[in-house]
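Subject: Structure for your attention

Dear colleague,

I am pleased to hand over the structure shown below. Please look through it first, and then read the notes that follow it.

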Amino acid sequence: MLKCLSQSLLGRTPRLLDQKPGYWSLSTVKPRGAATRVLQHQHQQQPQEFPAQTQMHHSACNGKHCVFSGQTAGELHEWLESHGVDTRCYGKDTSKTVGELLEEQAKNESLLNVVDGRAMRTVKVLSLHITNGNGQVLFEDEQILPDGRSRRRNVQVSEKLMGDESWQSGVDRAVREELGTVLPEGYQVTVDTDTYRQLVEFATSMSYPGLLTKYVCHRVKATVTGLPQTRFETCEPRPKLGGRLVTRWVWRNPEEVEEQHALRNAE
């Protein structure tokens with residue numbers, strides 16, 4: 001029986017440790033002192049690279065580029081349909097709903113605009129290749145959605161970056177949000193910055209069929225102490241969707257890793 005672990009990460013704040021060339025590390029500690037408070041403030045601020053979605057009209061246009069600025073799922077549905085996206089399959093099989101796309105917008109995790117008459121979504125994704133002592137890579141194998149649907153994933157730890165959030169800040173958030181329920185107090189994240197690279201891909205979204213998406217992927221390798229070394233599950237509440245999201249994780253050997261469609265899977 002699936003069981004949602006309830007370990008709380010409240011009160012944990014990332015702190016930079018001693019660095020060596022090509023590496024930097026984070027540990028989780030209880031907040032104390034001025035330096036810690038500064039880091040807390042940096043993680044709580046709201047990034048603003050994507051335009052705020054506060055206007056009452058469906059779009060704010062500038063020449064050929066119109067940014068979606070609606071407030072409701074109905075407005076977003078109308079906007080998508082009027083710009084060439086058929087949403088009839090949204091919320092079926094493995095696709096997400098219009099409401100989930102609206103929530104993504106509200107979190108400032110993506111930008112929706114119109115380019116040459118066609119709707120386009122822009123997403124910045126952190127792809128974190130977490131390895132263990134055996135050289136294996138951590139993969140998200142499957143998701144069980146709040147409504148009971150199952151999605152095969154086959155993707156490394158990934159997180160959509162918010163607004164102008166840097167990929168370095170995204171590393172800590174990705175580990176906490178994706179793996180927090182199985183991590184011990186005082187876990188440490190070490191990032192190999194020499195492995196960092198940025199990729200850009202244009203493709204039709206797998207989560208939102210028919211919606212052209214520009215993926216800007218920040219890919220880097222890291223290690224995280226305290227992770228289970230066998231298959232494990234994490235759980236996060238999704239109250240707006242009426243349930244919880246269960247994720248199943250597995251360690252794979254490097255030769256099993258396939259990067260094809262990695263950007264589209266990471267959403």
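A residue is called exposed when its relative accessible area is over 50%, and buried when that area is under 20%. Please note that this is a predicted model.

Asp93 belongs to the loop that lies between H2 and helix H3 (98-106). Its phi is near 50°, which is a positive value in a residue other than glycine.

Asn154 also has a positive phi without being glycine, with a value near 55°. Asn154 is located in strand E8 (residues 150-160). With a relative accessible area of 31%, Asn154 is partly exposed.

Next, please consider helix H2. Which residues of helix H2 (residues 73-82) are buried? They are Glu75, Leu76, Trp79 and Leu80. Because these residues cover an arc of only 130° around the axis, they are on the same side of H2. After H2 comes Gly84, and the phi of Gly84 is positive, near 85°.

I turn now to the nonpolar cores. In soluble globular proteins, nonpolar side chains tend to be buried together. The largest nonpolar core in this model has 23 residues. Those with the most contacts inside it are Leu128, Ile130, Leu138, Leu179, Val224, Leu227 and Phe232. Two or more residues of this core come from each of strand E6 (118-130), helix H4 (167-179), strand E9 (188-204), strand E10 (212-224) and strand E12 (243-252). H4 gives the largest share, five residues. A second, separate core has 15 residues, among them Leu80, Val98, Val114 and Tyr208.

Finally, I draw your attention to Glu142, in strand E7 (residues 137-144). Is Glu142 buried or exposed? Its relative accessible area is 10%, so Glu142 is buried. The side chain of Glu142 forms a polar contact of 2.4 Å with that of Ser150, and another polar contact, of 3.4 Å, joins the side chains of Glu142 and Arg152. When neighbours within four places in sequence are left aside, the residues in contact with Glu142 include Arg151, Arg153, Val246, Thr247 and Arg248.

Yours sincerely,

A colleague

Technical notes. Residues numbered from 1 in each chain as written. Predicted model: local features only at pLDDT ≥ 70, side-chain atom pairs only at ≥ 80, totals over all residues. Heavy atoms only, no water. Helix = DSSP H or I, 4+ residues; strand = E, 2+ residues; numbered from the N terminus. Buried < 20%, exposed > 50% of the residue type's maximum accessible area, 1.4 Å probe, protein only. Polar contact = N/O pair within 3.5 Å; in protein donor to acceptor, adjacent residues only side chain to side chain. Contact = heavy atoms within 4.5 Å. Core = buried A, V, L, I, M, F, W, Y, C linked by side-chain atoms within 4.5 Å. Arc of directions from axis to C-beta.
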